[in-house]
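Hi,

Here is the structure I promised to pass on. Have a look, and my notes follow below.

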Amino acid sequence: MRKSPQARLLQHYRAHARDLPWRLAPGSNEAPDPYRVWLSEVMLQQTTVATVTPRFAAFLARWPTVEDMAAAPVENILSQWAGLGYYARARNLHACAVEVAARGGFPDTEAQLRQLPGIGDYTAAAVAAIAFGRDAVVVDTNVERVVARCFAIRRPIKDARPEIRQRAAFFYERQPAGEMAQALMDLGATICRPKAPDCAVCPLGPDCAAYATGDPASIPPKPPRKTRPERHGTAYVIEQDDHLFLTRRPDKGVLGGMAALPGSDWADGSAPPSNAPTIRHVFTHFALTLRIESRAQPPSGTEGWWHERSAIADAGLPTLYTKALAAFDAEAESAEQRLPLLP
Ligand code: SF4
C-alpha cells in the first residue's frame with residue numbers, strides 16, 4: 001500500500017533534515033529549549049537562514065538564557081541586532097524576554113504565547129508545536145508556497161491565505177506538529193524552492209497538483225510589483241580627534257531606538273540634485289535617498305555621544321548608516337586622490 005503524503009514527507013525529513021543550530025535532530029531524546037526556538041523564529045522572520053545562523057550564535061553566546069536577555073539594557077539588544085533589519089523585532093524581543101523571565105518561563109500554549117510582545121499567530125504556533133509538542137498549524141512563507149502548489153491554488157499568496165491555511169491543516173492532522181512544521185519548512189527551502197522546484201526528488205510529487213500541471217514554478221502567481229514612495233534627507237558626519245558623533249533614533253518609527261548619524265528629518269518626494277555623496281536605501285514602505293554631509297559640530301540640542309572611529313563596527317549602526325559612512329569615506333578617499341601633487 002502506498003504511504004500517505006504526510007508519512008512520505010516525515011520519512012524524507014527524518015533522512016534529510018537540515019542541520020540548524022537552533023534545532024534538535026529528528027528523533028533526539030533531548031527536550032527542545034523554548035528560548036532557542038523562540039529566538040530563532042523571531043530572527044528568521046524576513047531574514048535568511050544564512051544571515052541568521054552566525055547572529056543566532058552571537059546572541060546565545062551573549063545571553064545564554066531568556067533571563068540573561070531580560071536583564072540586559074534594551075540598547076544592547078538593539079546594537080546586537082544591527083544589520084538584521086526590521087528593528088521593531090529587537091525591541092519586542094527584549095520586551096518579551098522581560099515578560100517571560102518575570103512569569104518564570106515561556107507559556108506552552110498558542111493562545112498564551114500570542115499574548116507576549118512581538119509574538120504573532122505564526123510564531124505562537126511554531127513555538128507551541130516545536131518547543132512544546134502542541135497541536136498547531138504552522139504556516140510560514142515556505143509552507144505557504146508548498147501548500148499553494150500541492151493544491152494548485154492559482155491566486156497570489158496574499159489573497160489566498162485563508163484557503164492556504166485551511167489546506168495546510170491536511171498535513172498536520174494526526175501528525176507530530178513540530179516535526180511536520182520543520183518538514184514542510186525544509187521542503188520549501190530545499191526542494192520546493194520559489195523559482196526552481198525539484199519535483200523529481202520531492203516526496204510529495206505523486207500527489208502534487210502543481211507538478212501535474214507541468215509548470216509548478218508558475219504557482220503561486222507573483223503579485224504585481226508595487227512602487228514605493230520616495231523620501232529624502234541628510235545625514236551628518238561629524239568627526240573630532242578620530243571620534244564620530246552618533247545619536248539615537250527616536251524610539252517610535254523607522255529604526256526606532258537604533259544608533260544613528262545625526263541628520264535632518266526625512267521629507268516626502270524625490271531628492272533634489274546634489275554633489276554630496278548620496279545613498280539610496282529601500283525600506284518596506286518607502287525608498288530613502290540620503291545625502292551625507294560633513295559638519296564641524298553637532299546640530300544644537302542634539303543628544304549623542306562620541307564613538308571611536310576605529311571601533312565603529314561595535315556602535316550598533318543599522319545598515320542605512322554603515323552604507324552612508326562607507327559612501328562618505330569612499331568620496332573622501334577619491335577626493336584625496338584628486339588633489340594635485342605639490343612640488
Ligand atoms: S512536487 Fe514540486 S511543486 Fe509539488 S511540492 Fe514537490 S517540489 Fe513543490
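A term to start with: a salt bridge here is a side-chain nitrogen of Lys or Arg within 4 Å of a carboxyl oxygen of Asp or Glu. Before the details, note that this is a predicted model, where local features need pLDDT of at least 70, side-chain atom pairs count only at pLDDT 80 or more, and totals for chains, interfaces and linings use all residues. Residues are numbered from 1 along each chain as its sequence is written, and side-chain values use heavy atoms, with hydrogens and water left out.

On to the salt bridges: there are 18 of them in the structure. In one of them, R14 and E179 join through their side chains at 2.8 Å, N to O. R14 belongs to helix α1 (residues 5-16) and E179 to helix α11 (residues 177-190), so this pair ties together parts that are 165 residues apart in sequence. Helices (H or I, at least four residues) and strands (E, at least two) are DSSP runs, numbered from the N terminus.

The structure has one cavity of 30 Å³ or more, and the largest cavity holds about 110 Å³ of space. It is lined by 16 residues, and R149, C192, C199, C202 and C208 are the closest to its centre. A cavity means a set of points, on a 1 Å grid over the protein atoms alone, where a 1.4 Å probe fits but cannot get out; lining residues have an atom within 4 Å of a point. Grid points are joined across faces, edges and corners, and the volume is the space filled by probe spheres set on the points.

Helix α9 (141-150) and α12 (209-213) each supply at least two lining residues, with α9 giving the most, three.

What sits in the largest cavity? The ligand does, in the sense that more than half of its atoms lie within 2 Å of the grid points. The residues around the ligand (a heavy atom within 4 Å) include R149, C150, I191, C192 and Y211.

Last, the strands, which count as paired if DSSP finds at least two bridges between them. β1 (residues 230-240) runs parallel to β6 (residues 287-295) over nine bridges, and E230 has A287 in β6 as its bridge partner. β5 (residues 278-282) pairs with β6 in the antiparallel sense over five bridges, with R280 opposite T289. Four residues separate β5 and β6 in their hairpin.

Cheers

Terms used. On a 1 Å grid over the protein atoms alone, a cavity is a set of points where a 1.4 Å probe fits but cannot get out, and a pocket is an open set with protein on both sides within 12 Å along at least five of seven lines; lining residues have an atom within 4 Å of a point.
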